[in-house]
Amino acid sequence: MSTYPHTRLRRTRQADWSRRLVRENTLSRDDLIWTIVLSDGPAKRTPVPSMPGVDRVNLDEIVSEAKRAHNLGIPAIALFPHINPKYKDAKASEALNVTGLVPEAVRAVKAAVPEIGIIVDVALDPYTDHGHDGLMEGETIINDHTVELLAESAIILADAGADIVAPSDMMDGRVGVIRDALETANHTDVMIMSYAAKYASGFYGPYRDAIGTAAALKGDKRTYQMDPANSHEALREVEQDILEGSDMVMVKPGMPYLDIIRRIKNEFALPTYAFQVSGEYAMMMAAVQNGWLDEQRIILESLMGFKRAGCDGVLTYFAPKAATWLQD
Ligand code: PBG
């Protein structure tokens, strides 16, 4: 091994062509999953105040958005519902409505844009009047009963045509129960992307505004989402999910947890994704809007960071912008 002056690491950085030759990671449209918030009702688009540039879209508009995503070369979209409060209750009944907002959106997109992958969140929090991801008995989130409900909801979504179901609840054992239910229902090809390491994070704030659960949520989610201080535990979560039948795993939030992504990729080498969540979007856009940061540079740099950390792709609200910049 030689040292300076025989070694000068700046040599390979001197020109664009040589930087391209030594580049270790690439970012392309293939890495993007576009996260989209759905709403019911006649308004085609409703802006989310804390997420400048993000609108909730209704059933007509989701079809145009899916076409746009496909034309931009985005491989898949991920759908999240804003549910009218009048349909929310303690049992999350609306999660089992076969003609609910999400199943209808999945059917519409599938019919109009069959080429695009459709990912759906399997979660109860949009549907519960208390805003939690599980059913409650008093102050306690009931694991096993919640898991049964999640499996039923996953089957409804798979029946509608979802290609990937993504349980985001962090209940124990849910992946296995959902996988069994999918097998029994003959949905043997439906993939599971588990939110394997999902942290109890402050970065979900704007999302809870976007889907209208912020006002409803009583307490916090620390009895089921992971402690931000933990890292070994994330590997145990991922190991469980793989054993239970996950095809891919996700880490969430994204930027504060790049170390977790790297550990998972090194340990398990399975398809691994990050969710660049609403709070990450909001803080970046706030700085951009103030003229403090350059929009294109920081968005593409943040996405490259995920690739470098070991991600196979990123769920992001920036997907259509990034895909436009990555056209050629
Ligand atoms: C809950 C869910 C959350 C997000 C996706 N699914 C938030 C939460 O746990 O409260 C967050 C998405 C984002 O912040 O962009 N099932």
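## How do we know? Questions to a model

Modeller: Let's begin with Ala269, which sits in the loop between H8 and strand S11 (272-276). Please keep in mind as we talk that this model is predicted.

Biologist: Gladly. Why does Ala269 count as exposed?

Modeller: The relative accessibility of Ala269 is 58%.

Biologist: Where is Ala92 found, and what is its phi?

Modeller: Ala92 has a positive phi too, of about 55°, again without being a glycine. You will find Ala92 in the loop between strand S4 (76-82) and helix H3 (101-112).

Biologist: Is Ala92 buried or exposed, and how do you know?

Modeller: Its relative accessibility is 0%. Buried means under 20%, so Ala92 is buried.

Biologist: On to the backbone. Which peptide bonds are cis, and how do you know?

Modeller: Omega tells us. The bond from Tyr4 to Pro5 has omega near 10° and is cis. Pro5 belongs to the segment before helix H1 (16-22). A cis bond also joins Lys252 and Pro253, with omega about -10°. Pro253 is in the loop between S10 and helix H8 (258-268). Both bonds are listed because most peptide bonds are trans.

Biologist: What surrounds Lys252, and where is its place?

Modeller: Lys252 is in strand S10, residues 248-252. Beyond its neighbours within four places in sequence, Lys252 is in contact with Tyr195, Ala197, Lys198, Tyr199, Tyr204, Phe275 and Val277.

Biologist: How do you know that Lys252 has no salt bridge?

Modeller: The nearest side chain of opposite charge is Asp121, 5.7 Å away. A salt bridge needs a nitrogen and a carboxyl oxygen within 4 Å, so Lys252 has none, although it is buried.

Biologist: How many salt bridges does the count give?

Modeller: The count comes to 16.

Biologist: What makes Asp31 and Lys307 a salt bridge?

Modeller: Their N to O distance is 3.1 Å. The limit is 4 Å, so the pair passes. Asp31 is in the loop between H1 and strand S1 (32-39) and Lys307 is in helix H10 (residues 295-309), so the pair links distant parts of the chain, 276 residues apart.

Biologist: Are Asp31 and Lys307 buried or exposed?

Modeller: Asp31 has 7% relative accessibility and Lys307 has 15%. Each value is set against the cut-off of under 20%, so Asp31 is buried and Lys307 is buried.

Biologist: What does the pair of Asp163 and Lys110 tie together?

Modeller: The closest N and O atoms of Asp163 and Lys110 are 2.9 Å apart, and the two form a salt bridge. Asp163 lies in the loop between helix H4 (143-160) and strand S8 (164-167), while Lys110 lies in helix H3, so parts 53 residues apart in sequence are tied together.

Biologist: Why are Asp163 and Lys110 called partly exposed?

Modeller: Asp163 has a relative accessible area of 23%, and Lys110 comes to 25%. Buried would need under 20% and exposed over 50%, so Asp163 is partly exposed, and so is Lys110.

Biologist: And where are Asp312 and Lys265?

Modeller: Those two meet in a salt bridge at 2.6 Å, N to O. Asp312 is in the loop between H10 and strand S12 (313-316), and Lys265 is in helix H8, 47 residues apart. With a relative accessible area of 32%, Asp312 is partly exposed, whereas Lys265, at 19%, is buried.

Biologist: Which residues do shared partners join into one network?

Modeller: Arg45, Asp55, Glu61, Glu65 and Arg68, through salt bridges that share partners. One of them, Glu65, lies in helix H2 (residues 59-71). Its relative accessible area is 5%, so Glu65 is buried.

Biologist: One last stop. What lines the largest pocket, by class?

Modeller: Four nonpolar, two polar and five charged residues. Among the lining residues are Arg23, Glu24, Asn25, Leu27, Met304 and Gly305. The volume of this pocket is about 370 Å³.

Key
Residues are numbered from 1 along each chain as its sequence is written. This is a predicted model: local features need pLDDT of at least 70, side-chain atom pairs count only at pLDDT 80 or more; totals for chains, interfaces and linings use all residues. Side-chain values use heavy atoms; hydrogens and water are left out. Helices (H or I, at least four residues) and strands (E, at least two) are DSSP runs, numbered from the N terminus. Buried means under 20% relative accessible area, exposed over 50%, partly exposed in between (1.4 Å probe, protein chains only). Lys and Arg count as positive and Asp and Glu as negative; His and the chain ends are not counted. Contact means heavy atoms within 4.5 Å. On a 1 Å grid over the protein atoms alone, a cavity is a set of points where a 1.4 Å probe fits but cannot get out, and a pocket is an open set with protein on both sides within 12 Å along at least five of seven lines; lining residues have an atom within 4 Å of a point. Grid points are joined across faces, edges and corners, and a volume is the space filled by probe spheres set on the points. Ala, Val, Leu, Ile, Met, Phe, Trp, Tyr, Cys and Pro count as nonpolar, Asp, Glu, Lys and Arg as charged, and the others, Gly among them, as polar.
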